[in-house]
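Load the model in your viewer and keep the sequence panel open.

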Amino acid sequence: MALHLRDRLDAIPLSLLTLCARVFPAAVFWQSGQTKVEGWHVTDGAVALFREEYRLPLVDPWLAAHLAAFAEHAFPVLLVLGLASRLSAAALLGMTLVIEVLVYPDAWPTHGVWATCFLMVIARGPGILSIDALIARRYRHLRGWPAGR
């Protein structure tokens, strides 16, 4: 019975796991980005948050708020679509590391979950349920690329 259960669990497609690893942390970053904007403008409150609470070294709070708002909207969309997935996951992993090290070091369990999801996408790709996989299938014959996972 245990072997049967193991075999059933082994049958879970990697693409389903990578889809989850793309969608769920992307939603967290998207929601965070939404708190920083009104329409197409970064709010004064977001800039104040970077100035007074986050206090990132070497980066002007105005610039940091704008870069974060852009990144928290652009990379999650790309990640969910599965377009430039590894790059998007790497960018959000970088943001996660900055948040963990410089802003909220006590939130390592949450950040560890996000990092694990991003590392899965970076290491294994976005899976077949992605635009990246469609592109790879279309052009793999030109360069001998392997089929998507």
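Select residues 108-124, helix α6: it has 17 residues and reaches 23 Å from its first C-alpha to its last, close to the 24 Å expected at 1.5 Å a residue. The expected span is 1.5 Å times one less than the number of residues. Helices here are DSSP runs of H or I with at least four residues, strands are runs of E with at least two, and both are numbered from the N terminus. This is a predicted model, in which local features need pLDDT of at least 70, side-chain atom pairs count only at pLDDT 80 or more, and totals for chains, interfaces and linings use all residues. Residues are numbered from 1 along each chain as its sequence is written, and side-chain values use heavy atoms, with hydrogens and water left out.

Stay on α6 and show side chains. Which of its residues are buried? They are His 111, Trp 114, Ala 115, Cys 117, Phe 118 and Val 121. Buried means under 20% relative accessible area, exposed over 50%, and partly exposed in between, with a 1.4 Å probe and protein chains only. Look down the axis: the buried residues of α6 fall within an arc of 160 degrees, so they line one face of the helix. The arc is taken from the directions from the helix axis to the C-beta atoms. An α-helix has 3.6 residues a turn, so residues three or four places apart point the same way.

Turn to the other side of α6, where Trp 108, Val 113 and Thr 116 are exposed. Contact means heavy atoms within 4.5 Å.

Now select α3, residues 44-54. Its buried residues are Ala 46, Val 47, Ala 48, Phe 50 and Tyr 54. Their cover includes β2 (41-42), α4 and α5. Arg 55 follows α3 and has a positive phi, near 45 degrees.

Finally, clear the selection and zoom out. The protein contains seven helices and two strands, in the order α-α-β-β-α-α-α-α-α along the sequence. Its C-alpha trace spans about 55 × 45 × 25 Å along the principal axes. Of its 149 residues, 34% count as buried. Among contacts between residues at least 6 apart in sequence, 67% join residues at least 24 apart.
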